[in-house]
Amino acid sequence: MRVLLAAAVLAASFAAAPAHATGLATCDSGPQEKWQPQEKLQKILTERGWQIRRVKIDGGCYEVYAITEKGERVEAYFHPVTLAPVPTQRR
Amino acid sequence: MPATVRIWDPYLRVVHWLLAAAVLLAWATGEGWGLWHEWLGYAALALTAARLPWGWLGPRHARFADFLHPPRHTLAYARSFLAATAPRYLGHNPLGGWMIVALLAAVAATSATGWLFTTETYWGIEWVEKLHKWCANVLLALATLHVAGVATACFRHRENLVAAMIHGRKRTPGLSDIA
């Protein structure tokens, strides 16, 4: 019985976790209609010399997989309203 | 006659539990714990690689030749397992033996695709991430089946196989057991 209960609690905790929220960064970014388009962010970063691999949404931020102008692999976060970089926890 | 015999050697037992821990922790760190996750993946791959030579050089019950049975034999065992008439094996039973191979292959595939994602060429590429997640899900399904199979065998043959994988000893074979 206790095992069943533990399993149920565990299953519920997985189900409750929002999809794709990694907790690396969160942006208080409001409704998506007010966000700047992804394309604009991509353009800014490309002009900086970044090679953009993918842009996802994580924790209300734009999450960018890219190779920087220095050739470094980065998973960088940007605020979707201001397009300012958001610091992440490396862990 | 002693009541127990030594079946699992220390190397095999250490690799088993470290690999189990690495896989579980890698699963738990999959979202948002990138550095930890990468190192756990490398550890899992290294442990898998460490298991392979033991499959030829290790003591009897660690060898692939000891526990990999031909399909026909494995199928016959599977039928008797479902009918709850399967004999007790001292080493891996035929289903358990193939499960070892499946688990090692799944760990290798999961680690390899995870590593691929970190290379410059495949960094951020969606299909690599999807493939990695798919491999990880297959691995988790196999690991669950593995635990379910062990639990069933524990129950059927009235022995604690988890403890046997810790101290390495199992009950001395009876007349109907397969050593």
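Lys56(A) has Glu63(A) as its bridge partner in S2(A). The model is predicted: local features need pLDDT of at least 70, side-chain atom pairs count only at pLDDT 80 or more, and totals for chains, interfaces and linings use all residues. Residues are numbered from 1 along each chain as its sequence is written, and chains are lettered from A and ligands numbered from 1 in the order in which they are written.

Strands S1 (residues 51-58) and S2 (residues 61-67) of chain A pair in the antiparallel sense over 7 bridges. Pairing requires at least two DSSP bridges between two strands. Strands (E, at least two residues) and helices (H or I, at least four) are DSSP runs, numbered from the N terminus. The S1(A)-S2(A) hairpin has 2 residues between the strands, and Gly59(A) takes a positive phi near 60 degrees. S2(A) is also joined to S3 (residues 73-78) of chain A, antiparallel, by 6 bridges. Here Ala66(A) stands opposite Val74(A) in S3(A).

The open sheet of chain A has 4 strands in the order S1-S2-S3-S4, with antiparallel pairing. Its edge strands are S1 and S4 (85-86), each pairing on one side only.

In chain B, helices H4 (residues 71-82) and H5 (residues 94-118) pack at an angle of about 115 degrees, with axes 8 Å apart. Axes are lines fitted to C-alpha atoms, for helices over the stretch in contact; angles run from 0 to 180 degrees between N-to-C directions.

Between the chains, 10 residues of chain B are in contact with 11 residues of chain A. Contact means C-beta atoms, placed from the backbone, within 7 Å.

Key: Contact = placed C-beta atoms within 7 Å.
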